[in-house]
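Here's a quick briefing to read alongside the model. Have the sequence and the 3D view open as you go.

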Amino acid sequence: MQRSEAKSAVLLILSRISESESSGAEGLSGAGTLPELLQSAWGALGGADEADASALLKAFASLAPEDFVRLLEAASPEQLVRNAADHRLPAVRGLALQTVGAALVRAWPCVTAGQNEHLRDAVVEAFRSIFGRLSSDECPVELKAAAAAVLDALLAAHLATEPRAFAPIALLHVGWHFASIYATLLVELSHDLLPVLPRLYAAQDSARLVLRSCVWIPGLDTASAPSGAGQQSRGEVEADWPALASESAAFRGALVWILLHCGGLGRRDSEDGQPQRRCGSLIYDLVQEVVGGPQQNSEIPGQSAIEVPADLQAALRRASEAAGQGTGARFARCRASLMLAVVELARGAVGPGRPEASEEEPVLRAAEAMAQACQGATHPLLQHFLVESMCSLVFLWPLLYPRTLGAPLDRFTRLAAGSLVLGVRVAPPTVTAAVPRVVRLLALLASALVQALARAGAVPDLQALFAKELGSSAGGAGGLPPLLVALLCCGCLAQLRAEPSGPGGLSVADAVVTWSCQRGALAEAGRTSGSQQGAAAAAAGCWNAALWLLLAVAKLLASSGEGAIAALAEGLATPELLAADPAATTMLAAAMWDFDALGRVPAGTREKVAQALRASGSSEPQEIARYVDLVVQAVRSPQQRQPSLGAHLGGTGVCLQSVLWLHSLSQGSPESTGSDAIGEPSVSLSGPPLMIYARFIPKWPRPGVCHVVLRIDIYNVTGLTYRNVTVGLSVSRSCAVGASGRSAANRSGRGQEPACSWAEGLGRPCDRTIDTMPCRTSATVWRDLRLRALAPVSLTVRLGYENIAPEGATSPATAGATPGGGGGGDAWSDDEEPEQLQFACHPCALPLSVFFRPFHGFDDPAGSAFPPPMLFLACPHVRAVSVAELALDPEAWRPPGFRRLAAPAGCRQTSAGAMACFAGVALDEQSLLCLICRGTESGGCQSLEVRSNSEALLGEFLEHLAFWVLSSAT
């Protein structure tokens, strides 16, 4: 094959792929169908030299999964695997096999969604053909390494974690969700992987099966590390390669062993038929299944632990003791140590009924080793891995040993406290609405620490507990991180909400508030509030959130927290707070009013506070000025009891970051604050004879992009059979898909992507044809839509079927007709007798939950003012629109994707006429949108006040306000 011919084939493929978003399948005109084009390019691979083959394989690797499925439909998947493995050039075979296998992994969701059982079975056989090479003694090493790389890609797709080198975290994380669609494939391949397993870790040359591109190898070179400390030279990376390769091979084997031998791909129910209690962690669930459950009587022995292969344990131990001082070698040692603990957990050697007091207890021992390794770690990726591993392990320990007291519990509390301090130092200084995984893990660990301290019963000495990491100085902030205060407060809130009168929880909460104030938290909050740059400015928002959480804990203490109330009363007169942060002073003064503790503050101090608040309130918005006046009156007349006043406030420069921190630390459901939004229920689009339902399943893969999976279910509820049923989908809006969408993009900037487009890939047809739909059957059509901007998008489903009397029709006109067509059938219509009957369902609007997610930063924890004053500060851009003609019911209205802010009983009204309030965060995960329904009880909702911190988002929403209101009210 000539080099120019190969290059032409590559360019042809890439040009067709690049046209997929702009012109769809029409880009193939004049060049044959897509399967023909792909088959021609694949046929060219056999005669290509090494350079051309590499270029062709790179082009195939860039194919969208939908396009690769079209190639699989035209060519046998097993034949593709054989062609790749039998290429005439040995140097090409490994890369070709790896490329085909990785493409099969990416295409598996499309294969299963296509409902083509023959193709699905053929793909499974292709995987069997690939993995069979791992157990063959005659297969060359380069093909075995390529097959192992395909296995890695499949395991990584199932675990669905990033970076992929952090895969153990997915096993331990209590809130993680696996890509279950790959679990079915792994189950089918389990019998084929069983004979392969020993060769993954027992062979002397198992490290040779690890390629340089292995997904388990972390990116530790200078290209992937930030400038400054922690970068590695190329020489250091090469020196660490033997340790990384050996550990990755052992890690691969341990992961497969857990999935195949420890029940990682299947869950068992309890003997009484009821599902066992689960916390979300795969490893924790496996432990409970082996030891008999958390409620098991300690006198009844659980099941015996599963035996670990000696070669696997030896391989992990060798990796945990590998030589090397580089970051790569240290990462390999730490991950191997973690996997040793994970293996012990998975086999059931840890948990209720097992000894927990031994120094060799694997969970805490591994966490202590990581804490020690973290002290000298400088590379950011290694620091994050160590911290996330520590948090995951330490959090699981009290779940595994729920009734342990004494020395083991003290050991846990010391390790948890140290892990928290190490964790807050690697956590990001600022956040968006996309909550970082490390922050979630730290919040879980803080809750576990507070629960353990409450279980111990004694008043905790937090000064001694955190002395090693923070220093023993009792005066001054002394490096007290604001995130640490916020995390401990969140743990206290969770404990007090679960057990409001529990003496252990009350004593811990009182100790947290008292210790934070004594360490100078109030002074530090005031000192950073006016900072405009540097670390202090980044910490200001977190300090403001921590102060509000601190006051929320003190409020729940009520009369039980004398130490906390005294510390807050003393802090009200803090000079730094009065001078630099009137918002924090207002919060503290209102809280002291709620505690009925303003009388403890000297009259002179109260007057200074009142004057400072009066001066600051004059420059605030009307709603804030009204609230500040109420607080000033309370400060000057503390004896006149009135309803509660406490509310969250912050300065102009810190308010947005403060509410984002509260959102990140919220106790709300993971689905509403995580990367996956909650899918809306199915919507009925058509009635009998064919029932059609649509469901939208949104996911935000990155800021500014929403990937919506459209599921269309068709049910034949009749006793008839329909033939050649076509299902078409289209999207419509004033400027969405097609030319109008490109016009919108051009207005916002040349070269930008359209606001709405079908997912990449020329191979996915716009219409789906179902040959036959017998009676009482169903079919499903899947499509993917990508949205990049707020737009009023509606989905239309078109349905058609053959204009021949269906099989089973019993009318006189059709009696004796030949089923399925032909000359004997009667048409449904006598007008023009079209070949196909076509119907269009009523357009269905995409819900607001595609573009927004509930925002928890304004009312978790809730204050005593409604709407929350912080809403007016964080969202200064505002516009009120009359909605009287829309007959909006503020009590029944629940806009999808928004959180309804509840008005606390006996709350203070900061804004007259506010009947309901909603808050959501937009696609970019930084822009907030708040909706306030205004009106009267007798006249109903008369106007809708829309507020945002983004003027552009406000304009986009208001442009189609009636569309959003009406579509969400139905």
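**A helix pair to start with**

Helix H4 (residues 50–61) packs against helix H7 (residues 90–113) at an angle of about 5°, and their axes are 10 Å apart. That makes H4 roughly parallel to H7, where roughly parallel means an angle under 35 degrees. The model is a predicted one: local features need pLDDT of at least 70, side-chain atom pairs count only at pLDDT 80 or more, and totals for chains, interfaces and linings use all residues. Residues are numbered from 1 along each chain as its sequence is written, and side-chain values use heavy atoms, with hydrogens and water left out.

**More on H4 and H7**

- On the H4 side, the contact (heavy atoms within 4.5 Å) is made by Glu50, Ala53, Ser54, Leu57, Phe60 and Ala61.
- H7 brings Ala91, Val92, Leu95, Ala96, Thr99 and Arg106 to that contact.
- The axes here are lines fitted to C-alpha atoms over the stretch in contact, and the angle, on a scale from 0 to 180 degrees, is taken between N-to-C directions.

**The chain overall**

- The protein chain has 37 helices and 18 strands, counted as DSSP runs (H or I, at least four residues, for helices; E, at least two, for strands) and numbered from the N terminus.
- Buried residues (under 20% relative accessible area, 1.4 Å probe, protein chains only) make up 55% of the 970 residues.
- Take contacts between residues at least 6 apart in sequence: 75% of them join residues at least 24 apart.

**Nonpolar cores**

- A nonpolar core is a set of buried Ala, Val, Leu, Ile, Met, Phe, Trp, Tyr and Cys residues joined through side-chain atoms within 4.5 Å.
- The largest one has 251 residues, and Leu104, Phe131, Phe466, Leu484 and Phe858 touch the most other members.
- Helix H26 (residues 534–557) gives this core its largest share, 14 residues.
- Apart from it lies another core of 61 residues, including Leu790, Phe918, Leu944 and Leu953.
- Leaving out residues up to four places away in sequence, Leu104 touches Phe68, Leu72, Val81, Val123, Ala126, Phe127 and Ile130.

**Cysteines**

- Searching the whole structure turns up 0 disulfides, a disulfide being a pair of cysteine sulfur atoms within 2.5 Å.
- For Cys489, the nearest cysteine sulfur is that of Cys492, 6.2 Å away.
- Cys489 is buried, with a relative accessible area of 0%.
- The sulfur of Cys490 is 7.2 Å from the closest cysteine sulfur, in Cys489, so it is too far for a bond.
- Cys490 is buried too, at 6% relative accessibility.

Note on methods
Buried means under 20% relative accessible area, exposed over 50%, partly exposed in between (1.4 Å probe, protein chains only). Angles under 35 degrees count as roughly parallel, over 145 as roughly antiparallel, 65 to 115 as roughly perpendicular and the rest as oblique.
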